[in-house]
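Biologist: I would like to learn how to read strands and domains in a model. Please take me through one.

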Amino acid sequence: MKCIINGKVILKDRVAENLAVIFDDKIYEIAELKDININDYEVIDAQGKYVAPGLVDMHCHGYLGEDASDGSTDGIIKMAKGIIENGVTAWCPTTMTVSKAEIEKAFDCVREVKNSDEYYGSRILGVNSEGPFINAAKKGAQAEEHILKPDADFIIENSDIVKLFTVAPEVDGAAECIEKVTKKTDVLVSMGHTDATFEEAMAGIDKGVKNTTHLFNAMTALNHRNPGVVGAALSSGVYTELICDTFHVNKGLFNLVAKIKGDKLCLITDCIRAGGMEDGDYTLGGQPVHKEGIKCLMPDGTIAGSVLKLNEAVYNLYSNSELEIFEAVNCASLNPAKALGEDSEIGSIEKGKRADIIITDDKFNVYTTILGGEIRYKGE
Ligand SMILES: [Zn+2]
């Protein structure tokens with residue numbers, strides 16, 4: 001068995017020192033260092049760094065030149081191995097509003113990789129299907145010609161692999177779709193790319209919406225007389241995704257959203273294939289995108305996904321809010337794990353959970369990623 005010592009261990013409700021985190025594929029024990037004999041274990045010395053739970057990215061389209069919508073198993077594997085370096089130990093490959101045939105092919109690729117024995121990248125929880133059931137008025141970087149009327153059966157038929165999907169609650173057929181999917185599956189329904197009024201959004205929540213796709217982006221804004229989807233997300237109990245790259249959402253709002261949403265706040269990357277790559281020209285869902293620094297824009301200036309890394313998102317939230325470090329970490333581990341119904345297995349350093357553990361410095365740069373008890377990444 002392995003044992004991590006000399007770390008500041010980020011537990012779900014505090015940071016603790018002088019602990020030994022003992023694990024094989026699962027976390028066997030979190031003991032006081034003085035109570036164990038370290039000679040009994042293969043010791044990993046954290047050298048005073050943070051020992052944190054592996055991160056969970058529920059909304060990630062691409063990385064290292066690859067995109068989940070490409071329909072390539074090799075691409076999914078390359079992304080899954082790449083994001084381990086950012087501390088992501090579980091994720092949802094995320095499709096765009098492309099043609100139905102392309103979406104189905106992407107689902108098949110994710111199925112194949114998820115069920116493969118030889119695969120050892122970041123654990124795939126299932127697909128996040130972002131669209132095609134959205135509102136053209138808030139399409140953002142999604143292709144309008146591929147938008148479809150909400151179809152519950154499409155999600156139900158693919159519910160073995162679809163973990164969550166985005167729907168605009170106000171469009172024709174959405175209410176029936178949300179209700180049917182909620183009744184027949186445990187797929188998480190997320191409202192997004194939506195032009196709904198506050199009332200329409202709240203009606204969607206009544207029908208079964210439990211998540212918000214990238215809060216503030218591609219939805220009706222908060223106005224005191226027309227609170228919009230943002231108002232519905234903030235005033236109800238739904239989970240809310242947030243792209244904490246300081247560009248999609250001004251960092252001045254991070255503290256406010258964190259205070260309001262608490263353990264319902266989920267950091268995501270919304271990363272596209274330009275993630276981890278040089279500045280230059282890329283594509284997203286078949287459309288051209290230019291990356292410059294942290295910005296990805298379409299030729300008309302529309303924001304098209306991000307190049308954010310989830311460990312950076314944690315530090316951006318932590319350094320721009322009053323949250324304790326363990327609370328900021330929960331937003332990228334335990335909270336998304338809960339939203340996806342996976343928190344009995346992953347999301348925190350707790351006895352009995354999978355040994356998905358990362359070691360980071362104070363700025364949350366990742367030095368080591370442990371996946372199911374095996375060291376899968378070791379930085380400088
Ligand atoms: Zn997205």
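Biologist: In which sense do strand E14 and E15 pair, and over how many bridges?

Modeller: Two strands pair if DSSP finds at least two bridges between them. Strands (E, at least two residues) and helices (H or I, at least four) are DSSP runs, numbered from the N terminus. Here E14 (residues 162-167) and E15 pair in the parallel sense, over four bridges. Opposite Met191 in E15 stands Val167. This is a predicted model: local features need pLDDT of at least 70, side-chain atom pairs count only at pLDDT 80 or more, and totals for chains, interfaces and linings use all residues. Residues are numbered from 1 along each chain as its sequence is written.

Biologist: Which strand do two bridges join to E15?

Modeller: That is strand E16 (residues 211-212), which runs parallel to E15. Thr212 in E16 is the bridge partner of Met191.

Biologist: Are Leu188 and Val189 of E15 buried or exposed?

Modeller: A residue is buried if 20 or more other C-beta atoms, placed from the backbone, lie within 10 Å of its own. In strand E15 (residues 188-191), Leu188 and Ser190 on one side and Val189 and Met191 on the other are all buried, so both faces are covered.

Biologist: How is the protein divided into domains?

Modeller: Domain bounds come from an automatic or database domain assignment. Here domain 1 is 2-52 + 349-378, and domain 2 is 54-339. Their C-alpha centres lie 29 Å apart.

Biologist: How many residues of domain 1 are in contact with domain 2?

Modeller: Residues are in contact if their C-beta atoms, placed from the backbone, lie within 7 Å. In this model, 19 residues of domain 1 are in contact with 17 residues of domain 2.

Definitions and conventions:
Two residues are in contact if their C-beta atoms, placed from the backbone, lie within 7 Å. A residue is buried if 20 or more other C-beta atoms lie within 10 Å of its own, exposed if 12 or fewer, and partly exposed in between; C-beta atoms are placed from the backbone.
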